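Hello! Here are some notes to read alongside the model. Please keep the view open and look up each residue as you go.

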Amino acid sequence: MSGGRTECATGANAAVVSRDPGVAALLPGCLAAWLRGVPASEAALFGVEVPAPRAGPVRQSGAVTVELAAPPRRRILGNEVLLVLGLSLGQSAIYSLVRIVARLTDERPLSEQSAALNVSQSVRPWLDLTYQLLGIFFALLPVLLALHLLNRYPGNAVRRLGLDAGRPGRDLAYGAGLAALIGLPGLALVWAAAQLGLNVSLVPSALQETWWAVPVLILAAAQNGILEEVLVVGYLMTRLGELRWSVPAIIAASALLRGTYHFYQGFGGFVGNVVMGVIFALVFLRTRRVMPLVVAHTLIDVVAFVGYDLLPDSWFDWL
């Protein structure tokens, strides 16, 4: 410590922080957690409270300079979460609740109703393809918005969420294992719910028989994986951690949101997706990577969408 600065050695360099009572409170033992490479903005997710320092410029002095900018207030972050979800899967959850109420109050029992996931938008193939591609593109805009907001604070969103391609082999292997872990029991749950009359009849694909049907279904599966895992796991869990929610509450919020926007499928779809949400949330807390979850979700949907489109209809009578 010298001349109004507090220095903490970090290998060959030093982190220089302006002397300030708020900053001093951040540096017990030169902030060991920081020196281990844990960003202060992530500390809340693991139960470590980091008080916000007073913002102020920090001068270069021959050492690596660290500027501790004050984080947004909790109300601002809370409003941001509501807006992002309101433009995306939160909106889907509300519509899904309305749909399940409509289904339950319908004269027909739930098991005699159906839900189609990928439907044609036009009888003209080229126009239908255009609508499908535009729908996939615009559905991903909330993901870009969430990444943009995370880049503003706390920064480096892609790496922070583990959405980078730095571990392709490990992410693919982990994702394939998760897909098997979720997908096989999931099929059994769908069958059981269908037998008990707790689910609607699912139609994973209702596209025209054209050359582009399978590529579009693969793109739709990837869109679902990216949209849901980045928003419901990566973005939401990160922001709720910054809002000082407890870890069990964060896991519950993520899982219940996932289950709710699948409620239109029936009670089996809700329960199955809540369980999937809990597992995926725990994996994210352990690995801090969204990419394996995106891979797993995409593989599950590819098998469901493309399999339904290519295999004989008689194979899916149980749905």
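**Notes on a predicted model**

1. Let us begin with aspartate 164, which is partly exposed, with a relative accessible area of 21%. Buried means under 20% relative accessible area, exposed means over 50%, and partly exposed lies in between, with a 1.4 Å probe and protein chains only. This is a predicted model, where local features need pLDDT of at least 70 and side-chain atom pairs count only at pLDDT 80 or more, while totals for chains, interfaces and linings use all residues. Residues are numbered from 1 along each chain as its sequence is written, and side-chain values use heavy atoms, leaving out hydrogens and water.

2. What does aspartate 164 meet in a salt bridge? Its partner is the side chain of arginine 289, at 3.2 Å from N to O. Arginine 289 sits in the loop between helix H11 (267-287) and helix H12 (291-310), and aspartate 164 in the loop between helix H7 (157-160) and helix H8 (168-195), so the pair ties together parts that are 125 residues apart in sequence. Arginine 289 counts as buried, at 7% relative accessibility. Two terms need cut-offs here. A salt bridge is a side-chain nitrogen of Lys or Arg within 4 Å of a carboxyl oxygen of Asp or Glu. Helices (H or I, at least four residues) and strands (E, at least two) are DSSP runs, numbered from the N terminus.

3. How many salt bridges does the rule give? The count comes to seven. One of them joins the side chains of arginine 239 and glutamate 80, at 2.7 Å from N to O. That pair links distant parts of the chain, 159 residues apart: arginine 239 is in helix H9 (residues 213-242) and glutamate 80 is in helix H3 (residues 74-86). Both arginine 239 and glutamate 80 are buried. Glu80 and Arg239 also belong, together with Glu242, to a network of salt bridges.

4. Next, please find arginine 258 and glutamate 228, a salt bridge whose closest N and O atoms are 3.8 Å apart. This pair also links distant parts of the chain, with arginine 258 in helix H10 (residues 247-260) and glutamate 228 in helix H9, 30 residues apart. Arginine 258 counts as buried at 0% relative accessibility, and glutamate 228 is buried too, at 7%.

5. Arginine 103 is buried yet has no salt bridge, and the nearest side chain of opposite charge, aspartate 106, is 7.6 Å away. For charges, Lys and Arg count as positive and Asp and Glu as negative, while His and the chain ends are not counted. Leaving aside neighbours within four places in sequence, the contacts of arginine 103 include Ser114, Val200 and Tyr264. Contact means heavy atoms within 4.5 Å.

6. Now for the nonpolar side chains. Which residues touch the most other members of the largest nonpolar core? They are Leu231 and Phe280, in a core of 41 residues. H3, helix H4 (89-104), helix H6 (141-152), H8, H9, H10, H11 and H12 each supply at least two residues of this core. The largest share, nine residues, comes from H9. A second, separate core has 11 residues, among them Trp212 and Val306. A nonpolar core is a set of buried Ala, Val, Leu, Ile, Met, Phe, Trp, Tyr and Cys residues joined through side-chain atoms within 4.5 Å.

7. Glycine 90 is found in helix H4 and counts as buried at 15% relative accessibility. Glycine 90 and arginine 258 are 168 residues apart in sequence and 9.3 Å apart in space, C-alpha to C-alpha. Alanine 193 lies in helix H8 and is buried at 5%. Alanine 193 and glycine 268 are 75 residues apart in sequence, with their C-alpha atoms 5.2 Å apart.

8. Finally, the rings. A search of the whole structure finds three aromatic pairs. Phenylalanine 137 and phenylalanine 138 form an edge-to-face pair, 5.1 Å centre to centre with 75° between the planes. The rings of phenylalanine 263 and phenylalanine 270 have centres 4.6 Å apart and planes at 20°, so that pair is stacked. Rings of Phe, Tyr and Trp (its six-membered ring) pair if their centres lie within 6.5 Å; planes under 30 degrees apart count as stacked, over 60 as edge-to-face and the rest as tilted. Ring pairs link Phe263, Phe267 and Phe270 into a cluster.
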